[in-house]
Amino acid sequence: MIAALAGDHNVRVVVLGAAMLGGACGIVGTFLTLRRRALVGDALSHAALPGIALAFLVGTATRFGGKSPLLLLLGGALGAIAGVGAMLLLRRASRLRDDAIVAAVLSVFFGAGIVLLSVIQGMRSGHAAGLESFIYGRAAAMVAADAWMLAIAAGTVVLVAVLLSKELRLLCFDEEFSKSIGWRPGVLDGVLMALVTIVTVAGMQAVGLILVVALQVIPAAAARCWSDRLSHCVAIAAAIGAASGAVGAVVSAAAPAWPSGAVIVLVAAACLLVSLVFGSARGACWRWIAHWRSTRRVAVEHLLRTLYELEEAASTEAPGEGVAYATIAATRRFRGGELRGGGLHAAIRRARRLGLVRSGAADTIVLTSAGRLESEQLTARHRLWEHYLIERAGIAPTHVDRSADLVEHVLSPELLARVARSLGAATAAAAPSSPHQIERPDASMRSAPRDPRPAPPRDDPR
Amino acid sequence: MNTTLLADTSLPWWSWSLDGWIVVVAILCASACAIPGSFLVLRRLSLMGDAISHAVLPGIAAAFLLTQSRASVPMFLGAAAVGVLTALLTEWLRTRGRVEESASIGIVFTTLFALGLVMIVRGADRVDLDPGCVLYGAIELTPLDTVEVSGIAIPRAAIVLASVLAANLLCVMLLWKELALSAFDPDGAKSQGLRPGLMHALLMTMTAVTAVAAFESVGSILVVALLVVPAAAAKLLTHRLGAMVAVAMALGAAAAVIGHVAAIRVPALFGMGSVNSAAAIAVVSGVILAVVVAALWLGRQRGNVAQRVLSEPPRGPSPEVRRESSEAAGAAAR
């Protein structure tokens, strides 16, 4: 079936045309999205409609005929340029925001287009049927001339993007700097708008005026998930756009009842979904994994420190006796947000697997020697930061525990060494005494909930 | 598009039973849209109106496919649900997907629109569910679909839009303070315990319901125009929120009346039949905005122009300021 499709000249034309359109839209869309003007294409495509309708009227009145594609495209481009002009005028002459300007230009120009279309329908000589394709698109009906036009548009876009890559990059990232070295961002903006106009007007006939916007926005957003480098983003967006165009065109060629423009957009949207989850630069799954890992690590670290402080407070008791789960749970709350999936028990399981704790008597755990070393370092880190907050930031000893809890997991050894030096301590390795009271729940409290009242303020023991 | 007639001079150009109702429907639509529209413009969410009005297509198609009928209640519910979904997805894409705001709007509504097109073409092909009908609406046909209310035939669209207008007014009057504070200062609202997120959801629901109710009769493009354009003009004319909503409603209503009359009369001057009223109303609202912007701009410029022509140094202080300062200097000398 695919081979049969590949042999069909019409199908090849459509697939090539859609792929070129998708690629060109991807390139332009990347720059537009970075300029935070993702929806300018939307306004332009709507603004092109009255231009196309006027071109049809002019064509009908003169000897060119209403269906001359070049004339219609020229009209569309002029309409889009008028739309850009209206947006720039409104931006300069009023204090309206960009979103209101885009929405106003879009709806009013489209309204004008519909007015003109209804004029055309009312004329005895007019056949407006071909104009509808600009609204919904008719990629499947693409002929070689249309594909050539798309090729010219795509070639122009690629050429300009390559020649002006440095300039466009600076425009997107640091407009002020580009001004300061004597470039004129207005001119560059004009070039970018011209590119948008070209791909929008050329693409409208293939996928329709609403869906051509999708081809500008979606591949660009998807590419952003894969890379932080502009050049890579542009290439990836072009590839995603071209691939969605080709796949969508093939699907609607194989199943002609499926509207091609919509299928192209849905393929692009599927690419975006995959990119949002698995993208190597911004993909959500890497964030989830990193977050899950750090949550797990934090829980173990909290467990170790709790054990250390309990041992320290109970120095009279015989070591190696073990600490009961309930005591740990009563001393420190392992909240759901701190540890997904099981709280205290998961942390204990993990610490046991890492060889940091071992089971003692019934339902108790004991620090191993590795665990004791680790927990001493963790406690030292925590208390150093607490002392630092008390001495340097003037925070009350009763208030430092929580803040140190949050920050202790991300302190680098270099920073800790500096903190220790600044506090006059010889080393960051040994745990200083705790600056505040550590509550040791007695046996009677094991099942009872922890006293919600704050601990009474104490003087600094140092 | 649907009732384009060739000019027929033998008929009166205005008929109260048709054009009167069309204008009433258009005014109701304009007033209902101006209320959420004002808040959208203030919160820089104007494009949400555009997005919602395009994105409801799959909701309508789903309701149609599920019920296999063109009953309006399921379609209304489906469209409103997808409208709210659009707002949620946009927000989700912006915060979780870290996509820039206007890009996330563009992604969501175009994808939903494409989905809707596929659903309609694949599922509802054999029936008269035309995407064109959703896009342009058929305000000229509204007087033909009437409901008897105590002996008077009232167009169904008028009843629907009047109830939406009433609901919007009620919502805004009950939650005026909350909506206003959330619009201008979401953080302040949060600190007062007002939950601006809830207000955002309410605004999105209001927009979705209004857009759906309106475009059933007047088409989605007119909805966008009536949501944003009068509100934008009103924002330029006043600095008070209450006045802004009122002015937006008035400008929208004016656009409705002028637009429909122009749709009938202006083409007749060239010997042509009437044009699409909904689109003409959109154009007239744009003209109103252009006039407001131009008038304000000229008002600002006039000071400069007069100064340049009248005063001796081209960019010196205004004559009054100079007189005052010279008087002050004279007083000091005395």
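**The sheet and its surroundings**

Reply: Happy to. In chain A, strand E1 and strand E3, the latter made of residues 364–367, pair in the antiparallel sense over two bridges. One of the residues to look for is A:Val323, whose bridge partner in E3(A) is A:Ile365. Please keep in mind that this is a predicted model.

Zooming out to the whole sheet, it is open and has three strands in chain A, in the order E1-E3-E2, with antiparallel pairing. Strands E1 (323–324) and E2 (357–359) of chain A stand at the edges, and each has a single partner strand, so one side of each is left without a neighbour in the sheet.

The largest nonpolar core has 227 residues, and the members that touch the most others are A:Ala268, B:Val25, B:Ala26, B:Cys29, B:Leu161 and B:Val228. Its largest share, 18 residues, comes from helix H1 of chain B, residues 16–42.

Next, the contact between the two chains. It takes 47 residues from chain A and 53 residues from chain B. On the side of chain A that touches chain B, the elements giving two or more residues are helices H4 (69–93), H5 (98–122), H11 (211–224) and H13 (260–278) of chain A. H5(A) supplies the largest share of that side, with 18 residues. By residue class, the side of chain A that touches chain B divides into 35 nonpolar, seven polar and five charged residues.

Chain B as a whole has 14 helices and two strands. Of its 334 residues, 50% count as buried. Among contacts in chain B between residues at least 6 apart in sequence, 73% join residues at least 24 apart.

Strand E1 of chain B (residues 146–149) and strand E2 of chain B (residues 152–155) pair in the antiparallel sense over four bridges, and B:Thr146 stands opposite B:Pro155 in E2(B). E1(B) and E2(B) form a hairpin with two residues between them, and in the turn B:Ser150 has a positive phi of about 45°.

Helix H8 of chain B (residues 176–184) shows a clear two-sided pattern. B:Leu179, B:Ser182 and B:Ala183 are buried in H8(B). These three cover an arc of only 100° around the axis, which puts them on the same side of H8(B). An α-helix has 3.6 residues a turn, so residues three or four places apart point the same way. On the other side of H8(B), B:Lys177 and B:Phe184 are exposed. The cover over the buried residues of H8(B) includes H1, helix H7 (156–174), helix H9 (186–191) and helix H10 (196–218) of chain B.

A:Asp146 is placed in helix H7 of chain A, residues 144–163. With 21 other C-beta atoms within 10 Å, A:Asp146 is buried, because 20 or more count as buried. Leaving aside neighbours within four places in sequence, A:Asp146 is in contact with A:Gly17 and A:Gln205. A:Gly17 is 129 residues from A:Asp146 along the chain, yet their C-alpha atoms are separated by 7.7 Å.

Finally, two backbone details are worth a check in your viewer. A:Arg36 has a positive phi of about 60° although it is not a glycine. A:Arg36 is in the loop between helix H2 (9–34) and helix H3 (40–61) of chain A, and it is partly exposed, with 14 other C-beta atoms within 10 Å. In chain B, B:Arg98 has a phi near 55°, again a positive value in a residue other than glycine. B:Arg98 lies in the loop between helix H4 (72–95) and helix H5 (101–123) of chain B, and B:Arg98 is partly exposed, with 15 other C-beta atoms within 10 Å.

Terms used
Residues are numbered from 1 along each chain as its sequence is written. Chains are lettered from A and ligands numbered from 1 in the order in which they are written. This is a predicted model: local features need pLDDT of at least 70, side-chain atom pairs count only at pLDDT 80 or more; totals for chains, interfaces and linings use all residues. Two strands pair if DSSP finds at least two bridges between them. Two residues are in contact if their C-beta atoms, placed from the backbone, lie within 7 Å. Ala, Val, Leu, Ile, Met, Phe, Trp, Tyr, Cys and Pro count as nonpolar, Asp, Glu, Lys and Arg as charged, and the others, Gly among them, as polar. A nonpolar core is a set of buried Ala, Val, Leu, Ile, Met, Phe, Trp, Tyr and Cys residues joined through C-beta atoms within 7 Å. A residue is buried if 20 or more other C-beta atoms lie within 10 Å of its own, exposed if 12 or fewer, and partly exposed in between; C-beta atoms are placed from the backbone. The arc is that of the directions from the helix axis to the C-beta atoms.
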